[in-house]
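Me: I have a chain open and would like to talk through its fold. Could you take me through it step by step?

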Amino acid sequence: MHDKFDRAFGLLADAVAAGKIPGGVLGYVDGAGNRLVRAIGEAQKVPVSRPISEDIWFDLASLTKVLFTTPKILELANAGTIDLDAPLISVIPDFAQYNADNWQRKITFRQCLGHQTPFPGVFPLYTYGSDPNLLRHFVLQRDWPAGPSVYSDINYILLGIAIERLAGTSIRNIAPQNGFAWGAAPETAAATEFCAWRGRVLCGEVHDENCSALQGAGHAGLFGTVSAVLDFGHAALSATGAFAKAVALMRTPVFGRRTHGWERPYEGWSGGDLASRETIGHTGFTGTGLWIDFERGHSWTLLTNRVHPTRHFDSGIFALRRAVSDCINAK
């Protein structure tokens with residue numbers, strides 16, 4: 001495995017040398033817990049320069065969906081607290097409360113997990129105010145236009161609200177555990193973007209504008225090191241008990257390429273062409289990704305700060321993820 005890992009890391013090193021990505025960490029773990037980890041490049045370039053390391057904290061962006069929110073929802077389902085095929089109004093009765101026939105009131109937990117809803121793919125909630133409670137109710141009471149089913153953060157913002165209702169507190173008051181956190185000390189974190197809205201380079205605070213405005217949400221906001229991400233991958237590979245039931249659902253298709261929270265292999269997907277059909281994976285906008293191959297019994301993660309100092313640049317991250325994954329899975 002060392003040779004394949006070295007070749008994969010060489011691709012990351014080339015991207016850093018070419019100035020496409022400031023820095024990154026590549027990690028690999030097998031079912032027995034054996035690990036390989038290497039880091040290269042800079043954690044921050046502006047306004048100061050800091051080197052990256054294997055213990056740097058990354059804004060995991062949409063990996064929050066699969067490392068925190070999905071397991072929480074599946075845990076609640078396995079405990080009998082919620083029914084995945086019940087509508088969200090079973091927990092959020094005031095959802096679209098002014099129109100009993102609204103399609104939104106029929107949306108189920110399972111549909112949100114698999115992104116099988118008509119919500120828009122993106123929406124700038126943060127431009128509608130700065131009060132997080134008001135923005136939550138904006139999401140709940142807006143008459144959303146129905147479109148085709150697409151990958152949508154709204155699905156996971158709603159799942160996050162459901163978790164909050166059941167917990168009786170905000171997501172940021174719910175400890176994510178397993179080595180993750182809702183932020184990081186700036187000197188220990190990989191920088192992301194210079195945010196025009198907040199007027200500063202973000203480092204240790206969430207990159208996603210909507211998550212920031214909501215002061216915590218189900219779609220983004222989780223921070224972690226490569227060690228924590230690999231811990232999750234290894235736990236999924238060796239799952240027992242209640243977590244094994246959750247993992248089984250993470251591997252079970254909801255529709256097409258979508259499982260409960262995750263993606264399965266398809267032509268052109270982030271996990272490359274050589275992953276087995278028993279692989280699940282997910283990526284994050286900031287330049288992160290995790291893939292778990294149950295047939296081969298291994299997991300790998302590529303964590304980068306590809307949006308630093310701006311997202312408006314071709315970092316080549318899509319091709320890099322696929323190439324790195326193919327090196328890991330080469331025969």
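Reply: A definition comes before the counts: helices (H or I, at least four residues) and strands (E, at least two) are DSSP runs, numbered from the N terminus. Please also bear in mind that this is a predicted model.

Me: Understood. How many helices and strands are there in the protein chain?

Reply: The protein chain has nine helices and 12 strands.

Me: And why does the chain count as compact as a globular protein of that length?

Reply: The globule rule gives 20 Å for 331 residues, and the radius of gyration of the protein chain is 19 Å, close to that value, so the chain is as compact as a globular protein of that length.

Me: What box do the C-alpha atoms fill?

Reply: Along the principal axes, the box is roughly 60 × 45 × 35 Å.

Me: Let us turn to the sheet. In what order do the six strands of the open sheet come?

Reply: The order is β3-β2-β1-β12-β11-β10, with antiparallel pairing. Its edge strands are β3 and β10 (279-284), each of which pairs on one side only.

Me: Start with β1 and β2, please. How many bridges do they share?

Reply: Seven bridges pair strand β1 (residues 23-30) with strand β2 (residues 35-44) in the antiparallel sense. Within this pair, Leu-26 stands opposite Arg-38 in β2.

Me: Which residue takes a positive phi in that hairpin?

Reply: That is Gly-33, with a phi near 95 degrees; the hairpin of β1 and β2 has four residues between the strands.

Me: Changing topic: what share of the residues is buried?

Reply: Of the 331 residues, 55% count as buried, with under 20% relative accessible area as the cut-off. The accessible surface of the chain comes to about 13300 Å², and carbon and sulfur atoms account for 53% of that area.

Me: Finally, what share of the contacts joins residues at least 24 apart?

Reply: That share is 64%, among contacts between residues at least 6 apart in sequence.

How values were computed: Residues are numbered from 1 along each chain as its sequence is written. This is a predicted model: local features need pLDDT of at least 70, side-chain atom pairs count only at pLDDT 80 or more; totals for chains, interfaces and linings use all residues. Side-chain values use heavy atoms; hydrogens and water are left out. Two strands pair if DSSP finds at least two bridges between them. The radius of gyration is taken over C-alpha atoms; the globule rule is 2.2 Å times the number of residues to the power 0.38. Buried means under 20% relative accessible area, exposed over 50%, partly exposed in between (1.4 Å probe, protein chains only). Contact means heavy atoms within 4.5 Å. Accessible areas come from the Shrake-Rupley method with a 1.4 Å probe; for residues, only the protein chains shown count as cover.
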